[in-house]
Amino acid sequence: MTTPQTKKPAWLRVRYDQTQVKQVSQLLDQLHLNTVCAEANCPNIGECFGTGTAAFMILGPNCTRNCHFCDVPHKRPAPVDLTEPLHVAQAIQKLGLKHVCVTSTDRDDLPDLGADQFVRVIQAIRHLTPQTTIEVLTPDFQGKTPLVQRVLAAQPEVFNHNMETVRRLTPLVRDRRATYDHSLAVLRYAHQHAAPGTYVKTGIMLGLGETDEEVYATMDDLIAAGVDFLSIGQYVQPSPKHYQLREWVPMERFQTYYRVAMQKGFKFVASSPLVRSSYKASAELAAVGVTR
Amino acid sequence: MPKLSPKSDQYFFGTWEKQVGEHIQKGEVLFEVESEKVISEVPSEVTGVVAEQRVDEGATVKAGEVVGVVTVQMIERR
């Protein structure tokens, strides 16, 4: 960190609760678990850890891809930890989570691209805390639908894969291996092959230089692919080396996108600056009446 | 200065919400600090009086550094 970036808006002001953040952090350290909250330096970490919520990031802290918006390290990943599924389930049990979000780094180095670890984690959670609803936020699995199918067969309540941005900006914002059409194909496949009771979700960031028309075109693509839930949040540039923030998007535009998205037919839309994929994610299931 | 971010130990000091000589309750915001992604309001861990402000607004501070002093007032039990 060298210089403060563009002046931050007031809504990026959060309360820090050191005691509660420490408690959750210690539990995660004991179980050798990573969270996307910590690895991505999420602005909501104080609030979420303070209320005993965490989004687990499986398959290690290092990612094989180098997306220009993301703060997760791009390094050679470690071998798969086969004790991780049990540890995730134990942490969920200790934290008493009713809903959990499980995401991962991209693992282009593995033959299964990490799909089977998602399955093992889902199975471990079902075994230890069967009342917990599960949301997986997966990589694009290079668009390989048999791998998407393996995860769908484990029947998470929510299958989430993030588009991240509009079509034009995708090659500028994401790793060159992550294409708009791969991601759309993953979501379409998930919609067509998910078991009843599994909802399909995606998310985009604003402030990257997208236009209204481009956002609406992306919404149309997502509706056509059968996506149920959409999350829209503000991009916050992790460091001066990352993709340059173009705009702090005004709240009114988030509200406009919410209205338009609901009119287009999404079942649930979260649209607000601090919305992240996993932030208060159980609300969407409550909106469609799903509990376990 | 508490460690606000698991991945960073260095922050930009924002504003003092309480000035020297002012009384502060435990849990009230003492100062704001800016890290890469967020502005954090840091509450006082004790009830007392702000005795010293050792850093200026806009300064670079590290986790663990003493940025100020709050004097705890002893309550006499009779």
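A pocket, in the sense used here, is an open set of grid points, laid on a 1 Å grid over the protein atoms alone, with protein on both sides within 12 Å along at least five of seven lines, and its volume is the space filled by probe spheres set on those points. In this structure, which is a predicted model, the second largest pocket has a volume of about 530 Å³. Of the 24 residues that line this pocket, those closest to its centre are A:Gln18, B:Val42, B:Pro43, B:Ser44 and B:Glu45. Helix H1 of chain A contributes at least two residues to the lining of the second largest pocket, as do each of strand E3 (29-34), strand E4 (39-43) and strand E7 (68-72) of chain B. The greatest contribution comes from E7(B), which gives three residues to that lining. Sorted by class, the lining of the second largest pocket holds 14 nonpolar, five polar and five charged residues.

Strand E7 of chain B also has a place in the strand pairing of that chain. E5(B) and E7(B) run antiparallel to each other and pair over five bridges, with B:Gln53 standing opposite B:Gly68 of E7(B). Strand E5 (residues 48-53) of chain B pairs as well with strand E2 (residues 23-24) of chain B, again in the antiparallel sense, over two bridges; here B:Ile24 stands opposite B:Gly48 of E5(B).

From the strands of chain B we may turn to the interface between the chains. In chain B, 23 residues are in contact with 27 residues of chain A. The two chains bury an area of about 2,300 Å² between them, and carbon and sulfur atoms give 52% of that area. Three residues, B:Lys7, B:Glu36 and B:Lys37, supply 36% of the area that chain B buries against chain A, which is more than any other three residues supply.

What of the enclosed spaces? Strand E1 (13-15) and helix H3 (45-50), both of chain A, each supply at least two residues of its lining, and the lining of the largest cavity divides into eight nonpolar, five polar and two charged residues.

The second largest cavity, by contrast, has a volume of about 40 Å³. Its lining is made up of A:Arg65, A:Asp106, A:Arg107, A:Asp108, A:Leu113, A:Pro139, A:Asp140, A:Phe141 and A:Gln142; by class, these are three nonpolar, one polar and five charged residues.

Most residues other than glycine have a negative phi. The phi of A:Gln142, however, is positive, near 55°, and the residue is found in the loop between strand E4 (133-137) and helix H6 (145-153) of chain A. Because its relative accessibility is 27%, A:Gln142 counts as partly exposed.

A:His32, which is not a glycine either, has a positive phi of about 55°, and lies in the loop between helix H1 (18-30) and helix H2 (36-39) of chain A. Is A:His32 buried or exposed? Its relative accessibility is 61%, and A:His32 therefore counts as exposed, the limit for that class being over 50%.

Notes
Residues numbered from 1 in each chain as written. Chains lettered and ligands numbered in written order. Predicted model: local features only at pLDDT ≥ 70, side-chain atom pairs only at ≥ 80, totals over all residues. Heavy atoms only, no water. Helix = DSSP H or I, 4+ residues; strand = E, 2+ residues; numbered from the N terminus. Buried < 20%, exposed > 50% of the residue type's maximum accessible area, 1.4 Å probe, protein only. Nonpolar A, V, L, I, M, F, W, Y, C, P; charged D, E, K, R; others polar. 1 Å grid on protein atoms, 1.4 Å probe; cavity = no way out; pocket = protein on both sides within 12 Å on 5 of 7 lines; lining within 4 Å. Pairing = 2+ DSSP bridges. Contact = heavy atoms within 4.5 Å. Buried area = accessible area lost by both parts, 1.4 Å probe.
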